[in-house]
Each structure stands twice: as C-alpha cells, then as structure tokens.
Amino acid sequence: MPTPLNLNPDRLFPSEAKQREIARELYEAANAHPIISPHGHVPPQWLAENTPFTDPTSMLLTPDHYTNRILHGVAGVDLADLGVPVGSPMDAHRAREAWRIFCKNWWVFRGTAVQTWFEQVFAGVFGIDVRPSEETADQIYDTINEQLQTEEFLPRSLYHRFNLALLATTDDPLSDLRYHQQLNEDPQWDGRVIPTFRPDQYLEPARPDFKQLTEALGAAADTDISTYAGHLEAMRKRRLFFKEMGAVSSDHSHADAGTVRLSAKKAEKLYQKALNGEINAKDGAKLRRHMLNDQARLACEDGLVMTLHPAVHRNHDSAAFARLGADVGGDIPAAVEFTHALQPMLSEYGNHENFQVVVFTMDQDVYQRELAPLAGYYPSVYVGAPWWFLDEADAILRYREQVTPYGTFYKTSGMIDDTRAFASIPARHDVARRMDARYLARMVAEHRLEMDEAREIAVDLVTTIPSRAFKL
Amino acid sequence: MPTPLNLNPDRLFPSEAKQREIARELYEAANAHPIISPHGHVPPQWLAENTPFTDPTSMLLTPDHYTNRILHGVAGVDLADLGVPVGSPMDAHRAREAWRIFCKNWWVFRGTAVQTWFEQVFAGVFGIDVRPSEETADQIYDTINEQLQTEEFLPRSLYHRFNLALLATTDDPLSDLRYHQQLNEDPQWDGRVIPTFRPDQYLEPARPDFKQLTEALGAAADTDISTYAGHLEAMRKRRLFFKEMGAVSSDHSHADAGTVRLSAKKAEKLYQKALNGEINAKDGAKLRRHMLNDQARLACEDGLVMTLHPAVHRNHDSAAFARLGADVGGDIPAAVEFTHALQPMLSEYGNHENFQVVVFTMDQDVYQRELAPLAGYYPSVYVGAPWWFLDEADAILRYREQVTPYGTFYKTSGMIDDTRAFASIPARHDVARRMDARYLARMVAEHRLEMDEAREIAVDLVTTIPSRAFKL
Amino acid sequence: MPTPLNLNPDRLFPSEAKQREIARELYEAANAHPIISPHGHVPPQWLAENTPFTDPTSMLLTPDHYTNRILHGVAGVDLADLGVPVGSPMDAHRAREAWRIFCKNWWVFRGTAVQTWFEQVFAGVFGIDVRPSEETADQIYDTINEQLQTEEFLPRSLYHRFNLALLATTDDPLSDLRYHQQLNEDPQWDGRVIPTFRPDQYLEPARPDFKQLTEALGAAADTDISTYAGHLEAMRKRRLFFKEMGAVSSDHSHADAGTVRLSAKKAEKLYQKALNGEINAKDGAKLRRHMLNDQARLACEDGLVMTLHPAVHRNHDSAAFARLGADVGGDIPAAVEFTHALQPMLSEYGNHENFQVVVFTMDQDVYQRELAPLAGYYPSVYVGAPWWFLDEADAILRYREQVTPYGTFYKTSGMIDDTRAFASIPARHDVARRMDARYLARMVAEHRLEMDEAREIAVDLVTTIPSRAFKL
C-alpha cells in the first residue's frame, strides 16, 4: 500500500485553535479573488500557441531550478539527468527516468516549499492521492501524462482553471514580442499576458560583448548608439514599444543597487571606453549605476514601474555553468545594501508622481532595516514580496513581521511567483495567502487589529495592493 | 454609527491561554511601578513653564515624525500639510485641517506601533471611544481640544498622571539649561527632569561650520580652543556643568561607531586642519573617532553614562531636507558594525569602574551577533532597548529573544521612549511592559524560568535595571 | 528552606498542548540513540588516564568560558577568582571560594543556556535538588565533591553513563597524539575518542612566530619546508598521521573565509617573505586564503572533512588577554561573508566526491542567505549546527526555521557541543534534541510534515545525519 498524499485544508495555519479559526475566515475572503501575477518567467509562447505539454518532466521538473538544485545538492543527482538545461534533448525514456529520480528522492524535499507546492500541484491539479516514492513514480507519471493530452490541460485551459487575472512574462528589450502580439490579436483569447522589459545585459558596460549588444539595441530601436545619449534614446524607444504592447514594468538585477549619477561628460567618456572594449570592472560598475539611474529617469517619462532585485552571485559553480549554462540553480544570494545605494535615485525621483520602484531582496536582513523605512517614507517605494529563496512559508511570515509594522501593508507588492513552473503558480500564491491570513489572524487574536480591518487587508493584499504597486 | 475604539486589556498578549494568564500577572507586577524615561526629546520648557498645549495637532501630530512619515510615504500626504517642520505657523484652521488628514488616513497605521500608541493615547488619556476616520475627525479633535484647556491636562499634571519618576531631555552642550534651572529652583515642582549632553555636531571636524561651532564651544566653556587639548578641556567643563545640573548621560550618534585613538601629534595636526576648514571627509572621520574615544575618557572622570546610536542616513530625501529641514522623518537606518569599531575604546575603558556605555541600534542584526556578546563580557557595556524603528511590539519580542539568552536581562537599558510626543510616553512604555511580560510568560510556560524568577525580572526591568544602566 | 531545583520533563517544549504532545513523542524517539560528538575540546588525557576530577570548580566552572564570561560581564566578577586561566594554581580553598561566587550570582544566568545546562548537570548527573544560591553553595559543592571521588564519576564511567558513541578532541598538528594512542591500545577501553586536525596557527603567515612554527612543523613531518611545496607536503603528512590515528576532520578558524587561489609563483614569493618575517598583514591574509584552499585540495586526497568557523574577534579585551591569556571568554563574533569567499574553493572542489565541508557561523544572518543556499546546491557543503553563542534554545529554533526549508535537514551537521565542559555534553545535546523535536512538532501540527516523516527525521538527526556529515 503506498502512503496516501494528504492535502489538509488547514495546512500552514497555526495549530492554536483561536488563531486557526480566524485564519481560515481571512483566507477564504482572499481566496474569492483571482490571482494577479505581475512578474514571472512563463514563456508566452505556451499560451500563444496553446500546444499540449509533452510530458510531466518537461512541464513540472526540468524548468524548476528550485527542485533541481535540491536534488543535486542533497541527493547528489546529476543536473543533466533531470533534463537540465531546458531545451536539451529529452525523449520519453529520459523523461520517465528523470521522473523516477525525482520521486525516489522525494525525501530531500521534506519541510521545503518545493514539497508544499508539488503536493498541491499533484493533489490539486492532477488528482494524485499517493506520496511520491520509487514505487509510485510510474503511477504518478502516467496519471499526469494522460491528463496532459486532454483539452482541459492545455495552457490556456490551465490559465483559466488557475483563475489567473494577469500573467506577466520577462522579455529581452530587443524582443519583437511576437507571442504577446499573437495573443493580443487572438479573438479567442480573453486572458491577459503582458511583457516585462528586462534590459540587464545591455546595462553592463564591462561585459565583453557590450559593443555587440549595444549595436543590436541600436538596430532594434533604429537609433544611432555611437553616443551615450543615443543609448538612452534607444532604451527610451524600446521601453515605449514594450509599454504599447502592454508592459507595466521594467525589471533589473545587477551585482549591487548603486544608482550614483555621473556628470554627462564622465558618462560619455566611460561609454566610449565601453564601446571600445576598454572599460575595466570598476568603471563598468560606475557607468552601470548611472545607467540604472537613467532607467528611473525614463520611468518618470513613460510610467513603467521599476523592479529591482540585486546581489546574487550568479553561476557560482563555474564548472556547472561551463557545462550546462545559466539558470540551473547555481546562483547564491549575497548581502545587499539599499539605504546608501538608492539615495541618489530616490533623492531625484523618490517623490515624483510618475515614479514607482518595487525593491526585492534575497537578503532578509534589509526588510526591517532598510526597505520598510524606505517604503514608509517615500511615496514611490514599495517592498517586494519575499521571493527566490524567501518564498517559503516561514520566510513569508518573517517578512510580514519585519516589514508590516512600519505602515507598509499598503506599500508591498502583493505575492510574486517569479516562476517558470507554470503549474505551480496557484500553489505558490496559495502559500502566500495562507501565511498572510495567518499573520493577520495573530494580529486579531492579540487585539492588534479588529476583524473588519483584517478582512479588508486580506482582500486588499490580493486585489488593490498588487494593482497599485504595478499600476494595473 | 462610528466604529467603536476598543482597548482590550489583553492586547499584545499571546492568545494561548496558559501564556496569556502568566503574562497578565507579570504585567501587573511591573505596572505597579512608575515610568523611568532616561532618554527622550520632550522640550523642558513645557514643564518649566507649564503652559497649556494649544491644540491636538501641535501636541500629538506635528512633533511625531513616526506618524508624519507614514502619512507621507503611504498616503502621499505633503509633510507641510501636517504642520512640519515644528515651529512653522499653525493657526486653528490649519491645525484642524491637518487633523482631518490624519484621521481620514487612519488606515495607513494598521498593524503599526503608531496605531497602538494612538489608541492608548485616545482611549486612555482623552477618553475617546470612536475609531479615527474622516467622519469622526472633528469629534475627536474637539473632545481633545476642550480637555487641553483644563488644569488636568497641563504638562505638569500629565507628568504626574503618567506616573513618571524621571524624564530626561536632550540638550546642546552650549545650552544654559535655563529650563532645568527653573525647574530645579521651583518649590512647587516635585518631579525630576534632567538634561542630557548631546555634543554630536561639535565632534564632526569635517562640517563646514566646525570652526564656528568650536569657537562657540570655547566661549561657552571660557576656554581657549586653539589646540585639541583646549577642545577637550572645553568638553570636560561643559560635561561637568551638565552633571551639576543633573545630567546622568551623554548621547552620541555618528555615521559609524569607530573609536580608534590617534597619536597626540596626529590628533593635533588633524584638529588644526579642521579649524582651518581644510580637513577632508576621511580625516574628519578619523578625528571624530578619536574624539569619541576621548568622550569615553572624560566619562571615566565624570561618570556620565555614554549612550551610542550610530549608523543612520540622515536627511535621505535631499529635497525634503532643503525644504523642511532635519528630523522630518527622512532618516533611514543603515547596517552598523560594533565588534571591531568599539574595540579600541573598550580595550581602554571597558573594565573601568567608572565607565558605562549603553549601545543602541536600528540594525537588529547586531543584537545577537555583537551587542549581547559585548554586554555579556564587559562589565561596562549595556544593550540599549529597541528604539526608533525597533520600538514596535514584534521587534521588542525579537530583541528579547536575541539578546536575553546571553545573560543580559541585567545588562539592558530598560525601555527608552526617545520621543518628542509627550502624551505617547505611557503608551510606549506600556507596549514594552506588555511584550516583556509576554516574553517572560513564554519562558515560564516552557519551564525555562520559575514564576518567582520571572516576577522578579519583570519588576527589575522597570526599576533597578534602568536605574543601574543610567546610574540613577 | 532552599528553593527546590525543578527539571520539568516538558522543559523547552511548546506550551500549546497539541504541539507539546507531538514534541514529546519525537524527542523520545531520538533519545533512544546515543550521543555522537564529532567536535569538541575535552582533553583526551582525561579519558586516557581516567583519574578522578579534583573538585567541582575545576570540573564544571573554570574550564567553561560560557559561564565565566557572564559572571564577569554581568556580576563584575574577576575572572581570576574563578580559577581562570585553566591551569593556574587552585587549592581546595580557592576552589570552594570560586564555587560560592558562582552560586551566589546564579541570578545572572536567568534565561540563558548556561542555566539550562547546569540545571541538567546538577539534577541529572549529581542529583542536586536545590537551586544554587549563597545559602546552598556549600551543600551543592560538598554533594558533588563526594561523588567525584567515586568510581561512578571517573571520566570513563561518565563517558558510558552519558551514552556517548563518539567523542572527538581538537589537537595541534604537531601533537604525537599519545593519549589517543594510549586509548587505542588499551584493551579495557571500548569507547571511541578521535583526534581532530587543527592547523590554524600554521596557516597564518603574518604571525611573528611563523618561521618557528613552520620549522617545528617541518621537523614533526620530517620534511624540508624551505619552499611552499614543502610546507604543503608537511601538512599532507601530518594530516595522514592524524587520519591513521582515527581523525575524520580538520578544523579551521580564521578572520575570514577567503579561499582565493594564487598562482604558484605568487604563493612561493609570499611564502618566502613570510619565512623571512617580511610579510605584511594584507599579503599574509592572501597567502592564508591560498593555504586554506590547499587544505581543501588535501582533503580531496585524504578524505578528511573540513570544518570552517571564521570571523570572531579573538581576545577583544587586550588587558584581559595580557593578564590571563586566550580562551577566557573575551572573543566577540563579527559579521561574516561566505558566498563570495568560498566560491574559489567550491568551484574547484565543490562537486568532488571526496570533499566535504561543514560551515559553522556565529553570525546567524548567513544561515538563510548564504549557507542554506550553498548546502542546497553543492553536494559537498553542510551547514554546521548552531554553536558558540548560538547553541541556546531559541537560536537553535531560529536555525531550523532559517536553514531547513531549503532542503537541508539532510545537509546539516547534527548537534555539535564544541565544549571543554565534559559534564555538560549530555545537557547540550538534550537541548538540541528538544528543540529539533519542537520544530518538527510544529511542522506536523501545521500539516507540513506527516508524523512518519517527522519521526524518521528526528532519529536521522542524531544518527545518520552526523554520521554522513563527518564520514563516521
């Protein structure tokens, strides 16, 4: 007899009876509302073309680096055996083998967010009622695989079944956004999938391929990029194109959050060095910070919300990077600093009526010390939801405890799933909704909020709050 | 029907029945004792002259930057509309308008310390029984305003009604302390209001006005300040004057906590540069650290307790600073380091029988890592209570959890309200007493302390502990 | 009537009934297993020679700097009055006087780990049933003292009574390990005491005595150390000797965790400078980081597990260090960084099948941000248990909450007591077992783990998990 898979309706709620009862009520109030997903990495092609997912592994396992990294780090699984990198050849046999590895090593996920998410995907989306294990691997694989062939499990069907109100993708500034175009023009499509402007690589002057990237940017924008003013103009045009295609935000991740403005002369000088491939790392960082500041300047013009999430050591495992490429789970967070780093930008644009910046972090130390004070003071600053490494239950609770007491219920971003694992989106938002309900329930049980206030907040957190943060 | 304002007697206590009951008992034991407030910013003039507060806004809203900054940052209110900066013209009409803005935006305070404090001020001090809102704004304003005209609400009446045993103010080293003098000489006054020596600006050699400040210091101390030895002597004299006037502590806030001692020759050289306006920022910081070390040396002579609270980015919003001045809510905490920074000072004076330093922080990361270990080792080091950004309920609990297990119940400062909002002092201390009772109740319920020990600690925390930390 | 000393069977468990019941069950499951202590500082001579402990003070008080530092820092006790440093003359009179100071100041330990440990040692090991105080000091002293003269309290008897399965000591690379030899050859001895290779001082090229240390190393290894290759070879030989004598790990503590590899030429150049006493602090740190990287290289050859615990300001109190020497409680933790620091080493050896590194910290900020992500990705990286300053109940719980959700139940080290206070070993492990049971109980009560999973984890945490981390 395989062990049953239980999905307790009270999961993640506190075990203390009074708080649990309040949490249930608040959760249900929030859950009457659809999911807003203003930042993530689902390929728009899936929804534009609406082709069936080929198999459980390609849909659920390979694209999810949260899952792969733990299998590698804890059970010693070779990433390549899980189909990594995405796009490597994966026939039915290899897909099933990868799935078996995953199920056999289910124990590595004990107590993790990955376990919570998968349990909800398995039980909630695919009706699986047995715990993954070596014995149940094939049974689960087959059960899912059969369903994937049906109409009900096509990407667009899932979009509706998941009760998504909006799904943002993440896109290269040079993209023609053809899939967004296709969706926009499709009379059959009544969902909302919007692009996000992600210019990171074009803002790294010390990259060896900066010149090529810049020329390609110039070509896409039909703009002369031989001066920094031209680079800025090309950025302006591409941002406007994205905005016309529905984008509401630009997204930025660099080694630090620096935003120091250079003199025009200095910026031009460094830009010319960068184009000539002669800029060093230090000057490259200086020019990049100036360029990030200029993205804020452009945001005041076009109104795109800026999202920041700096300070991660990308591709920490050089050998894995050489063999498998980026985004395979080898990124490690590092300490970050915002108070001094954002001061130049906020002093210029922090009170501008058109400017909004949502700051995300993988370093929870800054929530109370820097981000809550910044969001509590500047009308333009929002504290991003806990994501990437911080999107598990207890970390979400710590976030609420450390950010919310500073007036920032209404200066947070709402839940951000940030995921490529499409099927896990409802589970990820469900965890956030449960933990928010739990936090609010404690506040009510301790007479720090009245029930009417808590109920309103629970609903606002999934409706007006993300809408305001992302100008939806 | 306006929503009632509830002040539940169990507010902030845990909802679990066993812990709640213990917490109640401990809280009541502590609450039998008066409030000791050894650091704050209430103007001594209020008590010396004992004139009535003019209106609710001037008394409760305008001086409280905790409140103003959230109204600005979350609801987008212009700080000037709240009467900021203190001292700007405020007639009855503007005062009422500011109050209406405050009440209308009451929702921004949900879950904050500001809400907790105001609820207790409203219900506890002024007998208000409706929740602030656009509808109730005038009613609340009028109810408070009428009471302010009565004898019972004069500053001295409130001092007694608040059950204050001591109130420290914060004062410029050059102050003649005339209001303290007036109180000391007033046979009708039976309270205790003492000054605090706050020399920050005279210890910043890279300030453009350092020469003028130093000359003024020399004049006040009747001392030749043409050498660094003279500067030190002037400081010595002013500290002694403060001590004679009742001061028990000097207070220091700089960009970092550095205390490196320079050679006498080097110090003199930098001092001369500073007087000539030729010192750069780096050397200015060096001399400032030496000067701070010398404040500790003077403390060994005169016995004033040193309080430190470094590392805040003051006036982060340059535009608001230019328009409204300092202390309008635009200060943002930054990471701080104490282990290395304080080593030179503690190695010299850390075991000196006359030296005591209370270290405060806005960066909770250092509580467990640096401050508890320092206070657990050096007889002279005390960990300051959580204040400024950390004086809300959950942060107080985290402080207890991270500091207390290192032997430091008896090496903490006792609650510090650090406030200019006179009427909120009882509420601020009440929150601390409730959270301390709560922490102790958990320790008892988990069999980590016996009830007799917990009761003794609960009382010590509001009596002998602050008395010892501040040599009262 | 003296106050009784209570040792509640539910101590440290949550007071909420449902969680408490689950915690009890999990704790009992774990407690059926012996104690594995893979890192500590008990002198092997005690067990080799099995001579009786001379008195309570020498056994329980003087060697325990956790206890001494709090008596000094909170009650102002002179460390010398407690018999510090270990080895200073201590007759029966002085021992009793030290004990009286300790008992009289028992209040300083309220709410600390020291209190919890001593209560268990007193009640559990020596059958004491009164709370320490000035009045009960002699009674407790005499009760313990009498027992120490009996067979049952000889070191080897206690080893068995404590149910120890393994005890590791910490040893100088030049040690002949004679006591380990003696134990290994003793047919009467059926326990397991193993050495640990601790080469810190030989890896600090900027030490003034580096040349002498290196020559002694060369002599011990019978190796020419006139080149860096020779130094490495000497290290290789001594590590192998330790391994032959039973060692499973090498232990490393430096100012930072840097592991940057130098070119062979650069390393040689700096090494020659160091031998000539001409290396500066900065270059000394560079060469040290290279040497630490080389310890990892040697670990890939010999399979010794590497343990790291950097970033503590040793001998912070210069005066106490001059008077009493090292390890008297004057070490203060500082912030640490691992993500960037370990990258060179992990990029080279992080996926090597023979390499394992257990990373400890006194800076809890890195648990979630750096260590859990590293251990969740690299098969070779383990997160060390909370120790030194972090080995108290609530810090252990925070550790679980911040590390475990990243897949790292099975990438932790198991409890490490790291102690010289032999009699406290069971108490220290007991606290860890209780807190782990408590964490797991919450996960079960909140439906985040099933009971069968939690029970298996509770047992694995004290059996297979430390065995795997330390290759036992």
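Colleague: How much area is buried between chain C and chain A?
Modeller: This is a predicted model, where local features need pLDDT of at least 70, side-chain atom pairs count only at pLDDT 80 or more, and totals for chains, interfaces and linings use all residues. Residues are numbered from 1 along each chain as written, chains are lettered from A and ligands numbered from 1 in written order, and side-chain values use heavy atoms, without hydrogens or water. Buried area is the accessible area (1.4 Å probe) two parts lose on being put together, summed over both. Carbon and sulfur atoms give 46% of it, and the total is about 3900 Å².

Colleague: Which residues of chain C lose the most area to chain A?
Modeller: Three of them together make up 19% of what that side buries. They are C:Arg369, C:Tyr377 and C:Arg448.

Colleague: How many salt bridges are there between chain C and chain A?
Modeller: We count a side-chain nitrogen of Lys or Arg within 4 Å of a carboxyl oxygen of Asp or Glu. A:Arg131 pairs that way with C:Asp452, with the closest N and O atoms 2.9 Å apart. The count for chain C and chain A is 8.

Colleague: Why is one side of S4 and S9 in chain A left without a neighbour in the sheet?
Modeller: Strands pair if DSSP finds at least two bridges between them, and strands are DSSP E runs of at least two residues, numbered from the N terminus. The open, parallel sheet runs S4-S5-S8-S9 in chain A. Strands S4 (249-252) and S9 (381-383) of chain A stand at the edges, so each has a single partner strand.

Terms used:
Helices (H or I, at least four residues) and strands (E, at least two) are DSSP runs, numbered from the N terminus.
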